[in-house]
Amino acid sequence: MLKIKVKDTGYGIKPEDINKLFTMFGSLEETRAVNKKGIGLGLTICKELLEYLSPGNKIKVKSIYKQGSSFSFCVPLANNNDDDSISEILDTLGSPTTHK
């Protein structure tokens with residue numbers, strides 16, 4: 001399995017708002033002024049793609065309001081012992097970047 005995790009130190013999300021992230025055109029009132037161009041499709045598309053590629057798999061969300069959030073998921077690999085496959089995936093994704 002390849003685990004992918006994205007973490008930020010942004011606004012964080014209230015527990016009651018987390019499910020809104022995964023609905024079509026879902027957006028959070030508190031961050032609407034910050035993310036003016038977002039229309040609420042990104043995480044919905046990610047969720048659907050992940051479930052298509054790995055049925056039953058879910059995006060996990062951990063968030064502390066006003067401190068930040070992390071999103072993670074696992075992708076099954078064809079052969080967990082194949083280091084070349086992992087290298088190819090990482091090369092395709094590019095090098096990790098940090099945004100603040």
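Which element gives the most to the positive patch? The answer is β1, with 3 residues, in a predicted model where local features need pLDDT of at least 70, side-chain atom pairs count only at pLDDT 80 or more, and totals for chains, interfaces and linings use all residues. Residues are numbered from 1 along each chain as its sequence is written, and side-chain values use heavy atoms, with hydrogens and water left out.

**Fold and packing**
- The protein chain holds 2 helices and 3 strands, arranged along the sequence as β-α-β-β-α, where helices (H or I, at least four residues) and strands (E, at least two) are DSSP runs numbered from the N terminus.
- Of its 100 residues, 22% count as buried, that is, under 20% relative accessible area with a 1.4 Å probe, protein chains only.
- Among contacts (heavy atoms within 4.5 Å) between residues at least 6 apart in sequence, 54% join residues at least 24 apart.

**Surface**
- The accessible surface of the protein chain comes to about 8000 Å², with 57% of this belonging to carbon and sulfur atoms, by the Shrake-Rupley method with a 1.4 Å probe.

**Positive patch**
- Lys-3, Lys-5, Lys-7, Lys-60 and Lys-62 form a positive surface patch, for which residues need over 30% relative accessible area and no salt bridge, like charges being joined within 9 Å; a salt bridge is a side-chain nitrogen of Lys or Arg within 4 Å of a carboxyl oxygen of Asp or Glu.
- Lys and Arg count as positive, while His and the chain ends are not counted, and the place of a Lys charge is taken as NZ.
- The elements that give two or more residues to this patch are β1 (2-8) and β2 (60-64).
- Lys-5 lies in strand β1 and is exposed, with a relative accessible area of 53%, the cut-off for exposed being over 50%.

Key:
Patch = residues over 30% accessible without salt bridge, like charges linked within 9 Å, V, L, I, M, F, W, Y side chains within 5 Å.
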